[in-house]
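Dear colleague,

I am handing over the structure below, together with notes on what was found in it. Please read the notes alongside the coordinates.

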Amino acid sequence: SSSMYELFGRQSADQLDPVSIFQQSILPEDMETENATYAKAVAKGERYETEFRILRPDQQVRYLRAVGK
């Protein structure tokens, strides 16, 4: 969605899918925890809630919170 591109500091013309943008943007220090939290929620069918940091192309670090099921 356009709001996702905006959050991550990207243009829709970047022609990257949302998963690629997420994987390229999340800070390496947060990736392992993020992946483990997501995998646990999916495996158990539980609610997913996490906070992580991303690095935007303009070098701004942003803190994001994700919630899902």
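A residue is called buried when its relative accessible area is under 20%, exposed when that area is over 50%, and partly exposed in between, with a 1.4 Å probe and protein chains only. Please keep in mind that this is a predicted model, in which local features need pLDDT of at least 70 and side-chain atom pairs count only at pLDDT 80 or more, while totals for chains, interfaces and linings use all residues. Residues are numbered from 1 along each chain as its sequence is written, and side-chain values use heavy atoms, with hydrogens and water left out.

Salt bridges

A salt bridge is counted when a side-chain nitrogen of Lys or Arg is within 4 Å of a carboxyl oxygen of Asp or Glu, and the structure holds four of them. Side chains of opposite charge can pair when their charged atoms come close. Helices (H or I, at least four residues) and strands (E, at least two) are DSSP runs, numbered from the N terminus.

Glu49 forms a salt bridge with Arg65, with the closest N and O atoms 2.6 Å apart. This pair links distant parts of the chain, since Glu49 lies in strand β1 and Arg65 in strand β2 (residues 61-68), 16 residues apart. Glu49 also forms a salt bridge with Arg47, where the closest N and O atoms are 2.4 Å apart. Arg65 is exposed, at a relative accessible area of 52%, and Arg47 counts as exposed at 51%, whereas Glu49 is partly exposed at 38%. As for how these pairs connect, salt bridges that share partners join Arg47, Glu49 and Arg65 into one network.

A further salt bridge brings together the side chains of Arg53 and Asp30, at 2.9 Å from N to O. This pair, too, links distant parts of the chain, with Arg53 in strand β1 and Asp30 in helix α3, 23 residues apart. Arg53 counts as partly exposed at 23% relative accessibility, and Asp30 counts as buried at 13%.

Helix α3

Helix α3 (residues 28-44) has 17 residues and reaches 25 Å from its first C-alpha to its last, close to the 24 Å expected at 1.5 Å a residue, where the expected span is 1.5 Å times one less than the number of residues. The buried residues of α3 are Asp30, Glu34 and Ala41. They cover an arc of only 35° around the axis, which puts them on the same side of α3; the arc is that of the directions from the helix axis to the C-beta atoms. These buried residues pack against α2 (18-25) and β1 (48-55), contact meaning heavy atoms within 4.5 Å. On the other side of α3, Pro28, Glu32, Ala43 and Lys44 are exposed. Just after α3, Gly45 takes a positive phi of about 65°.

Helix α1 and Tyr5

Tyr5 has its place in helix α1 (residues 2-7) and counts as buried at 15% relative accessibility. Leaving aside its neighbours within four places in sequence, Tyr5 is in contact with Arg10, Gln11, Ser12, Leu16 and Ile21. Tyr5 and Pro28 are 23 residues apart in sequence and 20 Å apart in space, C-alpha to C-alpha.

With kind regards
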